[in-house]
Amino acid sequence: MNSDGEQLLRGRVYGADPDHPGPLAGRSYVELVGGPLDGLLLDITGWTQDEIGTSVSLLTDLGQFGLDGWALYDPRPGDRSRFDWSGDSP
């Protein structure tokens with residue numbers, strides 16, 4: 001993805017309505033770092049501490065496997081506000 005595309009995604013919420021892509025007040029988010037979803041926010045509102053501490057697989061067509069591919073993100077040790085990209089999966 002080029003830098004213009006990366007800037008377009010930055011600060012948007014993964015899976016949000018395209019007409020209202022930004023974060024909402026009263027919700028909790030983590031930042032996705034690296035990989036195809038770099039700069040997006042993931043809404044973790046209502047997640048338990050155990051859920052926040054585990055890896056996530058997020059559907060995306062921006063990764064190595066295109067349509068129906070998944071981007072894998074792991075919580076960053078010592079920083080619960082960021083999930084780091086660990087790879088793509090078909």
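Predicted model: local features only at pLDDT ≥ 70, side-chain atom pairs only at ≥ 80, totals over all residues.
The protein contains two helices and five strands. Read from the N terminus, these elements follow the pattern α-β-β-α-β-β-β. Of the 90 residues in the protein, 28% are buried. The accessible surface amounts to about 5500 Å², and carbon and sulfur atoms contribute 51% of this area. Among contacts with a separation of 6 or more, 40% are between residues 24 or more positions apart.

The five strands form an open sheet in the order 2-1-5-4-3, and the pairing is mixed. Strand 2 (41-43) and strand 3 lie at the edges of the sheet, each pairing on one side only. From one strand to the next, the twist averages 35°. Strand 4 and strand 5 (residues 79-89) run antiparallel and are joined by seven bridges. Arg76 has Asp79, in strand 5, as its bridge partner.

The largest nonpolar core comprises twelve residues. Its members are Val30, Leu32, Leu37, Leu40, Leu42, Ile44, Ile52, Val56, Leu58, Ala71, Tyr73 and Phe83. Two or more residues of this core are given by each of strand 1 (29-33), strand 3 (56-60) and strand 4 (69-76). Ile44, one of the core residues, touches Ser28, Tyr29, Val30 and Ile52 when residues up to four places away in sequence are not counted. Of these contacts of Ile44, Val30 and Ile52 also belong to the core.

Asp61 is located in the loop between strand 3 and strand 4. Asp61 counts as partly exposed because its relative accessibility is 46%, a value between the limits of 20% for buried and 50% for exposed residues. With neighbours within four places in sequence left aside, the contacts of Asp61 are with Gly66 and Leu67. Asp61 and Ala71 are ten residues apart along the chain, and a distance of 9.1 Å separates their C-alpha atoms. Ala71 is itself a member of the largest nonpolar core.

Methods
Residues numbered from 1 in each chain as written. Heavy atoms only, no water. Core = buried A, V, L, I, M, F, W, Y, C linked by side-chain atoms within 4.5 Å. Buried < 20%, exposed > 50% of the residue type's maximum accessible area, 1.4 Å probe, protein only. Helix = DSSP H or I, 4+ residues; strand = E, 2+ residues; numbered from the N terminus. Contact = heavy atoms within 4.5 Å. Areas by Shrake-Rupley, 256 points an atom, 1.4 Å probe, with all protein chains shown as cover. Pairing = 2+ DSSP bridges. Axes fitted to C-alpha atoms, helices over the stretch in contact; angles between N-to-C directions.
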